[in-house]
Amino acid sequence: MIGVLDALVQNEKGEWEIWDWKTNRAASHNEMGRLAEEYRLQLELYAFFLSYLAPEQSRFTARLLFTRRASPTALDQDWTRAIEFSRERISSIQEKISSLISDVRAVSYGEF
């Protein structure tokens, strides 16, 4: 797996957040929600890795920032979406990652 976090930002509570800029054309709030679901796996992976970088942290926030919707007068909810993960959720993300890796290996080695 290869990935690059756009930014790790420490919020006012001292928690680290993942910020990921997106250049998609999201015409509406519903479209931003749909895109957030498409990026969920990427954000889950980032949250999983962040859980090792910040072992004392109990909640992990991943923010998608849709740059084409940003403007000087835009409110956060007009151009961003946040997905939060609890530390308890991280273990199920780890299981999901392991399952996906097994699936890729099976396809790579012709086990399907």
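At what angle do helix α2 and helix α4 pack, and how far apart are their axes?

**Figure 1. Overall arrangement of the chain in the predicted model.** The chain holds four helices and four strands. Read from the N terminus, its elements follow the order β-β-α-α-β-α-β-α. The C-alpha trace spans about 55 × 35 × 20 Å along its principal axes. Of the 112 residues, 33% count as buried. Among contacts between residues at least 6 apart in sequence, 63% join residues at least 24 apart.

**Figure 2. Packing of helix α2 against helix α4.** Helix α2 (residues 40–53) and helix α4 (residues 87–108) pack at an angle of about 120°, and their axes lie 9 Å apart. The crossing of the two helices is left-handed. On the α2 side, the residues that take part are L41, E44, L45, A47, F48, S51 and Y52. Their counterparts in α4 are R87, R89, I90, I93, Q94, K96, I97 and L100. By residue class, this contact of α2 with α4 comprises nine nonpolar, two polar and four charged residues.

**Figure 3. Helix α2 and its buried residues.** Helix α2 consists of 14 residues and reaches 20 Å from its first C-alpha to its last, close to the 20 Å expected at 1.5 Å a residue. Its buried residues are L43, E44, L45, Y46, A47, F48, L50 and S51. These buried residues pack against strands β1 (7–10), β2 (16–22), β3 and β4, and also against helix α4. Among them, E44, L45, A47, F48 and S51 are buried and also belong to the contact with α4.

**Figure 4. The largest nonpolar core.** This core has 22 residues, and those with the most contacts inside it are L43, F85 and I90. At least two core residues are supplied by each of α1 (29–38), α2, β3 (59–66), β4 (80–86) and α4. Helix α2 provides the largest share, six residues. L43, one of the residues with the most contacts in the core, is a buried residue of α2.

**Figure 5. Surroundings of I90.** Neighbours within four places in sequence being left aside, I90 is in contact with A47, F48, S51, F60 and F85.

Conventions. Residues are numbered from 1 along each chain as its sequence is written. This is a predicted model: local features need pLDDT of at least 70, side-chain atom pairs count only at pLDDT 80 or more; totals for chains, interfaces and linings use all residues. Side-chain values use heavy atoms; hydrogens and water are left out. Axes are lines fitted to C-alpha atoms, for helices over the stretch in contact, and angles run from 0 to 180 degrees between N-to-C directions. A crossing is left-handed if the near helix is turned anticlockwise from the far one by less than a right angle, and right-handed if clockwise. Contact means heavy atoms within 4.5 Å. Ala, Val, Leu, Ile, Met, Phe, Trp, Tyr, Cys and Pro count as nonpolar, Asp, Glu, Lys and Arg as charged, and the others, Gly among them, as polar. A nonpolar core is a set of buried Ala, Val, Leu, Ile, Met, Phe, Trp, Tyr and Cys residues joined through side-chain atoms within 4.5 Å. Buried means under 20% relative accessible area, exposed over 50%, partly exposed in between (1.4 Å probe, protein chains only). The expected span of a helix is 1.5 Å times one less than its number of residues.
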